[in-house]
Amino acid sequence: MNNYIFYRRHPEYAAQERRWRRAAEAYSGGREYIEQALIRHVSEIDLEFAERKRRAYYFNYPRAIARRITQYALSVDPVRRNADPELLEDWSRTGLRTNEVMRQLSTLLNVYGRAWLLVEMPFFTGAPSKAEAQRRRLRPYARALSPLRVVDWACGEDGRLQWALTAEEEFWAADPFSPPVRRRRRRLYDRNCWRLYESENGVLKEVDSGINPTGMVPLIPVTEPDGFGLEANHWFEDVVRISEAILNNESEAQMNTVKQMFGMLVVSDSFARSARKLSAAGEAENFSATVARSAAIVETVEEKGISRFISPSGVATATIREENRCLKQELYDIVGLAVQGNLHRNQSAESKAWDFQNVSQFLAGRADLLEQTELEAWKLMRRYDLELPMPEVRYNRKFAVSDLAAGIAGLLQLSEIPAGGAYRRAVGRTAVELLSHIGPVTNEEKTSIIKEMEKESAHESQSPDR
């Protein structure tokens, strides 16, 4: 059987693989990423560069940004009415709740610009009873996949996936007395079935297969539609490059600090000539000890004050650190997160309003994309199990959280003004609108809350204590 299935790549995968892996490494961080991202100076000797690599540390801004966008977009739990409670608590069949799987999907979108949601069901034969199905946990599940897992795909004339090929790598360790076995596999999905392949000595072998009862390829492609889909690179690549610049600058500042604490020794030429004579006589070790930091140097009256330590000035380190602060601000400006904190203290009201609107629209677009993807997943799950209820899913699209504290504080002050019932009812209705900024509140719920407040207000007005 043709082994080509292990080497085929979709054109988009082939074009983006290097960038995707770089983005994944930057998000992961750690020693290996530092060693490949640190740039060596043209004039830097091996010994100095090796020390700089050992001392380097990494501020993981790519991970902070990718996770922060997800935290903002999903700061309010989506409403899922009529959803199966067991599925909500274990949507992935590995213990991840629905919210957690969707957070993974959102973060994958931030890092790669593309992600996939796999919706599948454990393979079984026969017709198990409900009790047996529950015991064996035979139910649909959903898992978020990075684009590096889905290596090739094709669409049919209807615009939907015709087939998709995923890469799998498993370690089999059933026997505790034997070393684990690593297996590279490819799983091919089409609209009617799935097939699992392994490669042995360059020969393709089908090791398993099953029926796909959904009539659809059980993979949902998710892509950021703005910019990345227009044959442009994903914005996260720029985040990685700016973060690498900060890493290299910080490494230089750190080494400057080290050199300020441990300066370079300068000795007189006559002393150096004497040392070279000792070295020629085979006493290089003594010379090394003589110029060590804790050793004394013998100098003549004429050479008094010549031997000294030199080091970089503190100005150079301060300049590098200031450059890094500017890069960090530009980094968050580019991503659109700089409206938080004190970065824009001197902005005009119009500029602040525009920035908040920009962030709000971006997060609302992300919420809309996640909501549509989750709905598609629930529909696929129902194709596996028609008895599953189809939930009503609604994601929060109001992100005026930055103004929320000030709004509530002002409302509390207004509520203290002595006024009649009409005024208090108006303040209450405003509070209900602020409540909808914290979490999704339906129009029916708003109406019910307002009616309760009006009823309570009428009761208080009729009370003899009033």
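Predicted model: local features only at pLDDT ≥ 70, side-chain atom pairs only at ≥ 80, totals over all residues.
**Helix packing.** I looked up how helix H1 (residues 11-28) sits against helix H6 (residues 98-112), and found that the two pack at an angle of about 120 degrees with their axes 9 Å apart. On the H1 side I listed Trp 20, Ala 23, Ala 24 and Tyr 27, which meet Thr 107, Val 111 and Tyr 112 in H6. Sorted by class, this contact of H1 with H6 holds six nonpolar residues, one polar residue and no charged ones.

**Cores.** I then turned to the largest nonpolar core, which has 71 residues, and noted that Trp 91, Leu 117, Val 119, Trp 378 and Met 381 touch the most other members. Helix H12 (residues 349-384) gives the most to this core, with eleven residues. For Trp 378 I set aside the neighbours within four places in sequence and recorded contacts with Ala 83, Leu 87, Leu 88, Trp 91, Thr 98, Met 390, Pro 391 and Val 393.

**Sheet.** I followed an open sheet of five strands in the order E4-E5-E6-E7-E8, and its pairing is antiparallel. Strand E4 (150-155) and strand E8 (203-211) each have a single partner strand and stand at the edges, so one side of each is left without a neighbour in the sheet. Ignoring direction, I noted that neighbouring strands are turned by 20 degrees against each other on average. Within the sheet, strand E6 (residues 181-190) is joined by five bridges to strand E7 (residues 193-200), the two running antiparallel.

How values were computed. Residues numbered from 1 in each chain as written. Heavy atoms only, no water. Axes fitted to C-alpha atoms, helices over the stretch in contact; angles between N-to-C directions. Helix = DSSP H or I, 4+ residues; strand = E, 2+ residues; numbered from the N terminus. Contact = heavy atoms within 4.5 Å. Nonpolar A, V, L, I, M, F, W, Y, C, P; charged D, E, K, R; others polar. Core = buried A, V, L, I, M, F, W, Y, C linked by side-chain atoms within 4.5 Å. Buried < 20%, exposed > 50% of the residue type's maximum accessible area, 1.4 Å probe, protein only. Pairing = 2+ DSSP bridges.
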